[in-house]
Amino acid sequence: MTEKKRVVVAMSGGVDSSVAAALLVEQGYEVIGMMMRLWAEESVAGHGHNRCCTPEQMNDARRIADKIGIPFYVLDTKDVFRNTVVEYFIDQHRQGVTPNPCIECNRHIRFNYLFENAMALDADYLATGHYAQIMQGDDGLYQLHMGADPAKDQSYVLCVLDQYHMAHTLFPIGGIAKPEVRKLAAKFGLPTASKQDSQDLCFLGDGDYRRFLRDVAPDMMERGPIVLKTGEVLGEHIGLANYTIGQRKGLGVTYNEPLYVIATNPYRNALIVGTQSDLGDNQLVAKRMNWLNGVVPSEAFEADVKIRYKAKPTRGIIKPLADGRVHIQFDEPLRDITPGQGAVIYDGTQCIGGGIIERRSAD
Amino acid sequence: MTPQRDVYLDYSATTPTDPRVIEKMLPYMSQDFGNTSSLHQYGRKAEDAVETAREVIAKIFNCKPSEIIFTSGGSESDNLAIRGVGFGRVADGKHLITTPVEHSAVGQTFKQLAQYSGFDVTFQPVNQYGLIDPEELIDNCHEGTTFVSVIYANNEIGSIHDLKKIAEHLKIKGVIFHTDAVQGAGQLSLDVEALGVDLMSISAHKFYGPKGVGALYCREGVPLVSSQTGGSHEQGRRAGTLNTAGIVGMAEALRLAEEEKSERIAHYQVLSKQLREGILNQLSGAYLTGHPDMRLPSHSSFVFEGVDSTRLLMHLDLAGVSASGGSACKTGNPEPSNVLLAMGYSADIAIGSLRLSLGKDTTEADIEYAIDKVAHAVEKVRKLRQALS
């Protein structure tokens, strides 16, 4: 008698994870639905629920689990989410950096906390409704590839995976395009309408991160100078956390050509602005690198790099640095290289590594 | 590995309806479907069934049939008793007393009366077994105290209150006394004269009767304002067409429970001993909660160090064991049990509670299987929590 393989599937009540769960049931797995209860700020009236797990979404997910005949549990993840993702978000902003909380969530929450909870239930796999694909190469190593639907690909935020995780992870809809997922939802009798795509600042009551930072870290809202690279002071900013790299509107200073935010200097509490030509840069340094095959490259190599979730992959030369960081040189200057976002490296559709952008240029 | 089996140990949450009870109920859903309020033969037949049921229950309660009010269940009975007497005696005062270990049907009703209707509510502290001291209760009664509600057998921890002792004190003070006997019914004496209570709530589905039907005993002369208004059913104390089949089923289930009481209790006692010893011997950092002796025979409750009940129940469910934590929670928001906090447990350990409650058809093999699975699950959850901390 062969035992069925047990899979814990992360469910959100949305169409993607519901179809993922239904597909796994159809494929003959023993499926367990699980939803994480995440932290959400409670200061905004009428909110207090993380937008990834509102009571309605919880009921939806529970109904779907009942419908496809699988057990469903809610896992308390509030404290660990607050202590990792939210703290990190605040701390990075304090350092003048615009973090990507989804990458941290996958690192600490999905592929650690949830993953370990699943393994403790004697599961063989954790499954999620991500648009990405795990394949096994001829060398036996697991590979992460972009989702088959290029418009939906989520491999960027999954660049934190390692061989152990990939050996025990399934992305049931990674090889399917979104319209197909909707058709499958209809076939399985599941709700087909996407409510909203996953929310990147899911823990904010109103989605306004500037307001959130003003509430939790008023120290970040200290006024300071707006300066040119040359040091010339042009005006006053209202707190560094109110600005993002590349921002043009709302600077409140006049100059003979349009000005953009090009950097922040949290130590001097200065907002550095420049012209459009200052905005581009053709190199960056990334830290906290993860190499998905488990091997740190020893020599420089050429590959495609994505510097934001929605950015186009760009050709560059990746040079490993002695301390585990990498230096990336692009053929052409890129706009909006933003410290705190991911620099994710691809060989074709395969995600081979990823890290966090530390700074723009080589200096 | 022992083959997986399904072991239901959550009879304190609900029981299946006894087939003998179902059989008695069936005619009242089909050929004898009449409305008890109707004048014609169909009405008379239904009325006869309901009144016979009332007599059966009254006999077990040692009260007059007219002192029984049929309701939709335990929560409604509790609500009707508390609001009914609270408002019924409002001219005498607005001070009410209850305990912090009540079922939420009682606790929340008192809280609402305090919040919206200007009542002054005292929550009488409990000891480490979840029991109040009758002497202290009396000290809290004053001029304006009109009503006291104390749970009979506790749903979370199984401890049994000595109602007689409490009633003796309250009688002298002229305070009306209600008890929530939902968990006790079927296992403990429901003789209202012996217990000395003025009102008592029960619910059929806790003793192999159907869901959605319950009763409230209300001593003659106790002023009770109705909550659900409408027709003059139940002498104007509870409006609404009577649930004939349900009422017939409840009476039959209670009659059977009384008839088979000694066998059922002997059975519970043997298996509960096996269960408690098995779990406490196999696991370190495991404790029985509630009173060791003065407790429901079918009921065992524990706390485990380094465990949260949400995850524990998840593991048990996947192993085929259906159990419950302190109180049902499916939303992944593990709040420590208020009952355990009131008994002096720390929040850390109060989130690690487990209730295993037996039924009349539970077997020794069920218990053996459950002990093994609980021990396994507790160890798994402890290991996981350590790894993630």
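Here are a few worked exercises on the aromatic rings of this predicted model.

**Exercise 1.** Work out how the rings of A:Tyr29 and A:Tyr125 are arranged, and which parts of the chain they link.

*Solution.* Start with the total: over all chains, the structure holds 16 aromatic pairs. For A:Tyr29 and A:Tyr125, the ring centres are 6.2 Å apart and the planes are at 85°. Planes over 60 degrees apart count as edge-to-face, so this pair is edge-to-face.

**Exercise 2.** Decide whether A:Tyr125 is buried or exposed.

*Solution.* Its relative accessibility is 19%. Buried means under 20%, so A:Tyr125 counts as buried.

**Exercise 3.** Now hop over to chain B and classify the pair B:Phe33 and B:Tyr42.

*Solution.* The ring centres are 5.3 Å apart, with the planes at 35°, so call this pair tilted. Then check each residue's accessibility. B:Phe33 has a relative accessible area of 53%, so it's exposed. B:Tyr42 has 39%, so it's partly exposed.

**Exercise 4.** Find which charged residues sit over the rings of A:Trp39 and B:Tyr369.

*Solution.* Take A:Trp39 to begin with: A:Arg82 lies over its face, 4.8 Å from the ring centre. A:Trp39 also belongs to an aromatic cluster with A:Phe81, A:Phe89, A:Phe203, A:Tyr209 and A:Phe212. As for B:Tyr369, the charged end of B:Arg5 sits over its ring, 5.9 Å from the centre.

Definitions and conventions: Residues numbered from 1 in each chain as written. Chains lettered and ligands numbered in written order. Predicted model: local features only at pLDDT ≥ 70, side-chain atom pairs only at ≥ 80, totals over all residues. Heavy atoms only, no water. Phe/Tyr/Trp six-rings, centres within 6.5 Å; stacked < 30°, edge-to-face > 60°. Helix = DSSP H or I, 4+ residues; strand = E, 2+ residues; numbered from the N terminus. Buried < 20%, exposed > 50% of the residue type's maximum accessible area, 1.4 Å probe, protein only. Lys NZ or Arg CZ within 6 Å of the ring centre and 35° of its normal.
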